[in-house]
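Please take a moment to look over the sequence and the structure before reading on.

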Amino acid sequence: MTAIILDGTALAKEIRKDLKERVKRIREATGDQPPVLATILVGSDPASEVYVNMKGRACRRVGMESLKIDLPEGTTKEQLLARIDELNKDSNVHGILIQHPVAGLEDVERELFDAIDARKDVDGVTSLGFGRMSMGEDAFGSATPAGIMSLLRHYNIELSGKHAVVVGRSAILGKPMAAMLLNANCTVTICHSRTVDLAGQIAQADIVVGAVGRPAFIKRDWIKEGAVVVDAGYNKIEGEYIGDCELEGLDDKALAYTPVPGGVGPMTIVTLIQQTVESAEKSLGLSAETVSA
Ligand code: NAP
């Protein structure tokens with residue numbers, strides 16, 4: 001068996017081509033007003049700065065704009081809520097992203113996220129957005145799991161009736177991933193730090209999603225022959241990025257897997273941009289079909 005490589009870099013490139021067209025049409029319809037993604041960064045965490053800059057670059061690549069709001073550590077909850085309110089009311093802003101972790105305000109992050117207008121919640125972080133997505137209603141999904149679903153669909157990975165094991169239960173990754181797989185008719189098991197016999201759970205999985213944040217934590221030996229392995233992990237070790245799964249040797253064992261880097265990461269960013277474009281189209285009353293036609 002030679003595993004299929006679920007190539008997120010290649011699919012993201014294809015999606016960007018379509019997005020460029022859609023952004024062009026939006027600019028034509030609005031007298032050159034591009035879709036705008038506002039990013040809020042509190043403090044100066046270097047990794048967060050890298051992520052925010054990557055998102056800004058991704059906007060510009062498709063002809064969109066990013067509105068970068070950098071606030072000093074020490075910004076109060078009230079100040080941040082006031083800023084979010086301004087962005088909610090600004091009709092030129094189509095997506096709002098608060099970079100996690102919010103320095104000094106970690107304890108009230110949920111309240112901050114929930115202050116984002118659900119129509120502009122292009123990273124699927126609000127409780128309302130999560131609830132709607134879980135119920136199968138119209139809502140933007142959290143960008144990483146939504147990107148993973150696009151990748152699985154693109155490669156025609158069969159989901160219905162399959163047993164998916166998601167390792168990790170964070171609000172941005174594990175939980176929404178499990179809900180999306182459930183909505184796609186998988187039978188879903190969610191594992192976390194208190195799970196007993198993780199190896200035994202994974203051994204039963206047709207689809208494994210690693211969302212733990214520990215390098216090569218999920219061992220090749222645990223994975224069932226013919227399983228699909230989605231590795232969302234992105235751990236920097238001595239200058240190199242390593243996923244949460246032991247990917248070496250999977251070529252002869254898995255049906256398919258996502259490489260690290262080049263699998264889930266590029267899909268996350270392009271999904272965020274795609275959802276911002278969709279938000280702009282919705283606010284203008286343009287359907288994606290009309291725009292992409
Ligand atoms: P997180 O908030 O730290 O959550 C980690 C999860 O792993 C928690 O639910 C935790 O369980 C679980 N866990 C920890 N140790 C475990 C163990 N020994 N056995 C089983 N489960 C265990 O992390 P996250 O934000 O979801 O991110 C997870 C990974 O995805 C990280 O590597 C991150 O860098 C990566 N990521 C990548 C992208 C991308 O675009 N590529 C985007 C987001 C995140 P408890 O809940 O019990 O503590």
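## Before we start

A crossing of two helices is called left-handed if the near helix is turned anticlockwise from the far one by less than a right angle, and right-handed if clockwise. Helices (H or I, at least four residues) and strands (E, at least two) are DSSP runs, numbered from the N terminus.

Please keep in mind that this is a predicted model: local features need pLDDT of at least 70, side-chain atom pairs count only at pLDDT 80 or more, and totals for chains, interfaces and linings use all residues. Residues are numbered from 1 along each chain as its sequence is written, and side-chain values use heavy atoms, with hydrogens and water left out.

## How the helices cross

Let's begin with helix α9, which spans residues 264-284. Helix α2 (residues 46-61) has an axis that comes within 10 Å of the axis of α9, and the two cross at roughly 55 degrees. Here axes are lines fitted to C-alpha atoms, for helices over the stretch in contact, and angles run from 0 to 180 degrees between N-to-C directions. The pair α2 and α9 is therefore oblique; angles under 35 degrees count as roughly parallel, over 145 as roughly antiparallel, 65 to 115 as roughly perpendicular and the rest as oblique. The crossing in which α2 passes α9 is right-handed.

Now find helix α1 (residues 8-29): its axis and that of α9 also come within 10 Å, crossing at roughly 20 degrees. That angle is why α1 counts as roughly parallel to α9. This time the crossing, of α1 past α9, is left-handed.

## Around the ligand

Which helix gives the largest share of the shell around the ligand? Helix α9 does, with three residues. The shell residues divide into nine nonpolar, ten polar and three charged (Ala, Val, Leu, Ile, Met, Phe, Trp, Tyr, Cys and Pro count as nonpolar, Asp, Glu, Lys and Arg as charged, and the others, Gly among them, as polar).

Polar contacts, meaning pairs of N or O atoms within 3.5 Å, can be found here too. A backbone N or O atom of His-192 is 3.4 Å from a ligand nitrogen atom.

Two peptide bonds deserve a look. The bond from His-100 to Pro-101 is cis, with omega near 0 degrees, and Pro-101 sits in the loop between β4 (95-98) and α4 (109-114). Val-260 and Pro-261 are also joined by a cis peptide bond, with omega about -5 degrees; Pro-261 belongs to the loop between β11 (256-257) and α9.

Next, look at phi. Asn-185 is not a glycine, yet its phi is positive, about 70 degrees, and this residue is in the loop between α7 (174-183) and β6 (187-191). Asp-197, another residue other than glycine, has a positive phi near 60 degrees and lies in the loop between β6 and α8 (198-203).

Notes:
Polar contact = N/O pair within 3.5 Å; in protein donor to acceptor, adjacent residues only side chain to side chain.
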